[in-house]
Amino acid sequence: MNHGQSSNQAVTLPLSQHIKADGSVTSLAEYQANYGYQGLAKALSMSPVEVVDWVKSANLRGRGGAGFSAGLKWSFVPPLEKLPGQRYVICNADEMEPGTFKDRWLMEHDPHQLIEGLAIAAYAVQANTAFIFLRADYDLCAERLQNAIDEALAAGILGEQINEAGFSLTMLLHTSAGRYICGEETALINSLEGQRANPRFKPPFPQVSGLFGRPTVVNNAETLCNLPHIMYHGKDWFADLGLGDDNGTKIYGVSGRVNNPGCWELPIGTTVADIIALAGGMQDGVQLRGFLPGGGSTDFLTRDHLDLAMDYGTIQAAGSRMGTGTMILLDDQTCVVGMVLNLIQFFAQESCGWCTPCRNGLPFIRQILTDLEAGRGEHADLEQLLQLCGYIGIGNTFCALAPGAAEPLQSALKYFRDDFVAHIKQGCCPHGNSPVVNMDLEKEARSI
Amino acid sequence: MTPIIATDAAAHCADWRLQIEPLNEYEETAIAAEITHYPQPQAATIEALKIVQQQQGWVSDGKIKAIAQRLHMSPDEVDSVATFYNKIYRQPVGTTVISLCDSVSCWIMGYQGLAQALTQELNIALGETTADGAVTILPTPCLGACDHAPVAMVGDQRAHKLTPSSLIELARLAQEQPL
């Protein structure tokens, strides 16, 4: 453990430095023993504009999936002189991307890190109210975050007049009632207003008119967790952490048939192969065939891509997205058609139903894939699937849900077309799968 | 094509002619506290629904009317929010809800076998409740615990690395609990 003014070399994996092997939570005292809340203290001694510039120059890219510069996002909030009054920051902790569990890991173990990051963001944009929008099923996170907020409030870290300039901050935990679309930032804002979580038209962007029509910044939980360290150590330290073009570290995760599924903080730009090696490699008797690099809405990559660096630019150049950085592995015992059907079923069900390509397109795709998996498919179905991927693609829908859903499908058709063809030729699933769970029934079950 | 919209409409035929079920003292106090967090009372809709559900296990039409009155909304507005979210139940559920994750990582790790074993053991289909009112099985989207797949929530407890036999064991324990 470092104490006080640690040297910049000492901390190379800042986000996980407090995470204990026994799974217990970091207390306020433990957090503060290791420069905890000193990043916030430093920010509070600077002007808000200086904090925005500090984070902008560190080039912290959004860890929720889109990779947009956090500092730049803040800079679109009009200055207080121009637009006085209430403004908000929201932590997007509605982690519901299939295969993603990194924010849960950070919040369960080290809630104060998130609270400090959110407080820094709030100060930067001069928001006196900050919300943590937490997904419904994270009961342990909710308990630990609320305790940590209460601790910070009792210690005078949050609350009234927390710096000499008289800045005050109220932090509120909102637990969602469960819906994937709430992760879309404008849908999240609608949900926080107590409405159905349909996305909003942009412009106006939330930074100008967001929650209750006020300037609002929404940042992902992992993104916010980086802020205390960037404030404390500075941008040069942050830049040195990354291996390639991107700065800092990343929480990478692996799930699927590996020996040791989990997540780890690593320098951003660590190779895919190294991350899978940390997961203990594939289980006995199964071979890796491909992987979704960053959650259910990213394009498949294959064994040919194992040496790629997991950073925004490299994965994009290979035709996919780093997304959330938590990969899902496809092995040779798993039916790729069934896996894509499972993903499409998720997106079809979680579609908010607002725009037609998503509301109608995804169930249409689900039906074709169900037929294919059951051995009732035809060759023409494959062309139709590709056509449908275009119809629900970027530019044709109101938000990114349906274009994201198309990504694993279109790439599966590119890399694993033979698997689809085998289903058609053999008239059944070569893996012996049949969509045993009746989709209509599932839908009804959900509508409770 | 799957008639999704028709299914949804059939499942929620709220009847607003039914009598209002007034909020109890706890619900009143808890909802009033939530309203103070927001500049307009409607923003507390989701919290209000969750508070009521915490009390009676689900949200009845009468309670929807009571929430609507409290938050200055129409019952239909409140219902449109209630039916949007996965975790608000508009029908009675069992004492223990087993939310079985059916998303991709859990599917790879054996969801289908779990669903089959559990529905056979309890002799109900997904979405149904046992005759004694003890257990409801709901398939649920990704629970964010893919490192422990396959997973389920049994009540508010997350169960990790399930096998058909460990899941059946948990279901039996839930059935033995007093209703």
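Colleague: Which residue forms a salt bridge with Glu108(A)?

Modeller: Glu108(A) forms a salt bridge with Arg158(B), and their closest N and O atoms are 3.5 Å apart. A salt bridge here is a side-chain nitrogen of Lys or Arg within 4 Å of a carboxyl oxygen of Asp or Glu. This is a predicted model, in which local features need pLDDT of at least 70 and side-chain atom pairs count only at pLDDT 80 or more, while totals for chains, interfaces and linings use all residues. Residues are numbered from 1 along each chain as its sequence is written, chains are lettered from A and ligands numbered from 1 in the order in which they are written, and side-chain values use heavy atoms, with hydrogens and water left out.

Colleague: Where do Glu108(A) and Arg158(B) lie?

Modeller: The pair crosses between chains, from helix 5 (residues 102–109) of chain A, which holds Glu108(A), to strand 4 (residues 157–159) of chain B, which holds Arg158(B). Helices (H or I, at least four residues) and strands (E, at least two) are DSSP runs, numbered from the N terminus.

Colleague: Is Glu108(A) buried or exposed?

Modeller: Glu108(A) is buried, with a relative accessible area of 7%, whereas Arg158(B) is partly exposed at 24%. Buried means under 20% relative accessible area, exposed over 50%, and partly exposed in between (1.4 Å probe, protein chains only).

Colleague: How many salt bridges are there between chain B and chain A?

Modeller: The count between chain B and chain A is 3. Asp147(B) also forms a salt bridge with Arg104(A), with the closest N and O atoms 3.5 Å apart.

Colleague: What area is buried between chain B and chain A?

Modeller: About 5,200 Å² is buried between chain B and chain A, and carbon and sulfur atoms give 59% of this area. Buried area is the accessible area (1.4 Å probe) that two parts lose on being put together, summed over both. In this interface, 56 residues of chain B are in contact (heavy atoms within 4.5 Å) with 70 residues of chain A.

Colleague: Changing topic, which salt bridge does Lys20(A) make?

Modeller: The side chains of Lys20(A) and Glu30(A) meet in a salt bridge at 3.1 Å, N to O. Lys20(A) lies in the segment before helix 1 (28–33) of chain A and Glu30(A) in helix 1 of chain A, so the pair ties together parts that are 10 residues apart in sequence. Lys20(A) counts as partly exposed at 27% relative accessibility, and Glu30(A) counts as partly exposed at 33%.

Colleague: And which residue does Lys63(B) meet in a salt bridge?

Modeller: The side chain of Lys63(B) meets that of Glu27(B) at 2.8 Å, N to O. Lys63(B) is in helix 4 (residues 61–70) of chain B and Glu27(B) in helix 2 (residues 25–35) of chain B, 36 residues apart. Both Lys63(B) and Glu27(B) are buried.

Colleague: How many salt bridges does the structure hold over all chains?

Modeller: Over all chains, the structure holds 23 salt bridges.

Colleague: Now Asn247(A): where does Asn247(A) lie?

Modeller: Asn247(A) lies in the loop between helix 10 (235–241) and strand 5 (249–255) of chain A. Asn247(A) is buried, with a relative accessible area of 13%. The side chain of Asn247(A) reaches the backbone oxygen of Ala58(A) at 2.9 Å.

Colleague: Last one: which helix holds Cys389(A)?

Modeller: Cys389(A) is in helix 15 (residues 379–391) of chain A. Cys389(A) is buried, with a relative accessible area of 4%. Leaving aside neighbours within four places in sequence, Cys389(A) is in contact with Ala406(A), Leu409(A) and Gln410(A).

Terms used: A polar contact is a pair of N or O atoms within 3.5 Å; within protein, one must be able to donate a hydrogen and the other to accept it, and residues adjacent in sequence count only if both atoms are side-chain atoms.
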